[in-house]
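Here's a chain to look at together, with some questions about how its features get their labels. Take a moment to turn it around before reading on.

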Amino acid sequence: MRPFTSTISFDEARRRLDAAVVPIARTECVALGAAPGRVAAEDISSPIDVPPFSRSAMDGYAVIAADTSRASADSPVRLRIVDRLYTGQAPATAIPSGACAEIATGAPLPAGADAVVMVEQTAADDTRIQIFAAAEPGQNIGRQGADIMSGQTVMQAGEVLNASRVGALAALGLAHVDVYAKPRVAILSTGNEIVEPGRPLEPGQIYDINRFTLAAVIEEHGGIASPHRTAADTIEDLSRALDESFEDDILVFSGGTSVGERDLILDALSQKGEVLFHGISVKPGKPTAFGLVRGKPFFGMPGYPASCLSNAHILLVPALRRMARLPPHAVKTVTLPLARRVVSAKDRHQFYTVRVADGAAIPAYKASGDITSMSQADGYFEIAAETLVVEQGDLVEVTLF
């Protein structure tokens, strides 16, 4: 046994993580349909005007505004219809004085016309219309380049491509876009007792939980989960697992980080890289290690499922999003009374899971080895290290999963 000689605070752990993790520099070109949620890797300027031509904003008649200056309900102006224009059709006829063209919403404005009179302000027969209201130049017209001018910067590097931004790129006619690559995250569980789900359990064995919970968190927050085969509790196998993970951008191992004889992650990490901390004053998740191996962030997560998943939310997610160049995760919180009294761990910052029901926060935490401490919870509230008891009825701020 090698007991912890010291632990660091949660805030100090986050500080060291922030200092060690750098945004990814690798880029790739993706089809526009695959761009939502990705991060633009370059400034994007428009090669065209949007719209690329002046167009009608209404169903009505394209006119020369000066021809309608005397129009009123009592004294309409009569104009000849010389063309009918629809979307996708280039006008073939210029509009002379005293004439007009029937025009559909979105159709290109013909030469000579400088206004559109909406159909509700007209009456028509086959060859002529009556106009009952004077038009102003530019009325009901979407001018060429009114939305985006050729040469205008439409997107800046580092912006997340949401639905509207992807729409803007489509308006430019772009079929592909350069984005920052998603970080690949190597995940594997360690331990002689770990078995792949789907296989029968032998005495003393348990199913691998952490590889799947970690993969779900990684995929939700801008990464690509890269599962690796389980490593046994030997320096040789852990060293082999590290070597096989170096093609990935972040390494996340679970298990083997505590103080037992077979908890060898720290030994393997020390041989290959630099340990930046081991042990955090939090509950669950105290036996967590973090370091750099060949410059790549390495997380040694606790083997207990609740501890592993809790630290994935509070430590891995911020680091992953920083590397992926995504903004910090926008969490939702709700303030509720605590349904029953909770006693916290002394000198440890606790993340206590709760269910939200009947207008209250109902304690859900069982133990760090119980996955239902997380799966049956809707979120968690934090208990400061100096607080020992939170009483029933106290208001707590619940961060929702």
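Q: Where do R16 and E12 lie, and how many residues apart are they?
A: R16 and E12 both sit in helix α1, four residues apart, which is about one turn of the helix. Bear in mind that this is a predicted model.

Q: What makes R16 and E12 a salt bridge?
A: The label needs a side-chain nitrogen of Lys or Arg within 4 Å of a carboxyl oxygen of Asp or Glu. In general, side chains of opposite charge can pair when their charged atoms come close.

Q: Why is R16 called partly exposed?
A: Buried means under 20% relative accessible area, and exposed means over 50%. R16 has 27%, so it is partly exposed.

Q: What links E28 and R38, and where are they?
A: E28 and R38 form a salt bridge, with the closest N and O atoms 2.6 Å apart. E28 is in strand β1 (residues 27–31), while R38 is in the loop between β1 and β2, and the two are 10 residues apart.

Q: Are E28 and R38 buried or exposed, or partly exposed?
A: R38 has a relative accessible area of 8%, which is under the 20% cut-off, so R38 is buried. E28 comes out at 34%, so it counts as partly exposed.

Q: How do you know that the salt bridge of E391 and R341 ties together separate parts of the chain?
A: Their side chains meet at 3.1 Å, N to O. E391 lies in the loop between β27 (389–390) and β28, and R341 lies in the loop between β22 (332–337) and β23 (342–343), so the pair ties together parts that are 50 residues apart in sequence. E391, at 36% relative accessibility, counts as partly exposed, and R341 is partly exposed too, at 47%.

Q: How many salt bridges does the whole structure have, and which residues are linked in a network?
A: A search of the whole structure finds 15 salt bridges. R229, D237, R240 and E244 are linked in a network of them.

Q: Why is R294 called exposed?
A: Exposed means over 50% relative accessible area. R294 is at 60%, so it counts as exposed.

Q: Which peptide bonds are cis, V50 to P51 and K283 to P284 among them?
A: A cis peptide bond joins V50 and P51, with omega about -5°, and the bond from K283 to P284 is cis as well, with omega near -5°. Most peptide bonds are trans. P51 is in the loop between β2 (44–45) and β3 (55–56), and P284 is in the loop between β19 (282–283) and β20 (289–293).

Q: What lines the second largest pocket?
A: It is lined by 22 residues, of which H313, V317, P318, H329 and V331 lie nearest its centre. By class, the lining has 12 nonpolar, four polar and six charged residues. Helix α6 gives the most to this lining, with six residues.

Terms used. Residues are numbered from 1 along each chain as its sequence is written. This is a predicted model: local features need pLDDT of at least 70, side-chain atom pairs count only at pLDDT 80 or more; totals for chains, interfaces and linings use all residues. Side-chain values use heavy atoms; hydrogens and water are left out. On a 1 Å grid over the protein atoms alone, a cavity is a set of points where a 1.4 Å probe fits but cannot get out, and a pocket is an open set with protein on both sides within 12 Å along at least five of seven lines; lining residues have an atom within 4 Å of a point. Ala, Val, Leu, Ile, Met, Phe, Trp, Tyr, Cys and Pro count as nonpolar, Asp, Glu, Lys and Arg as charged, and the others, Gly among them, as polar. Buried means under 20% relative accessible area, exposed over 50%, partly exposed in between (1.4 Å probe, protein chains only).
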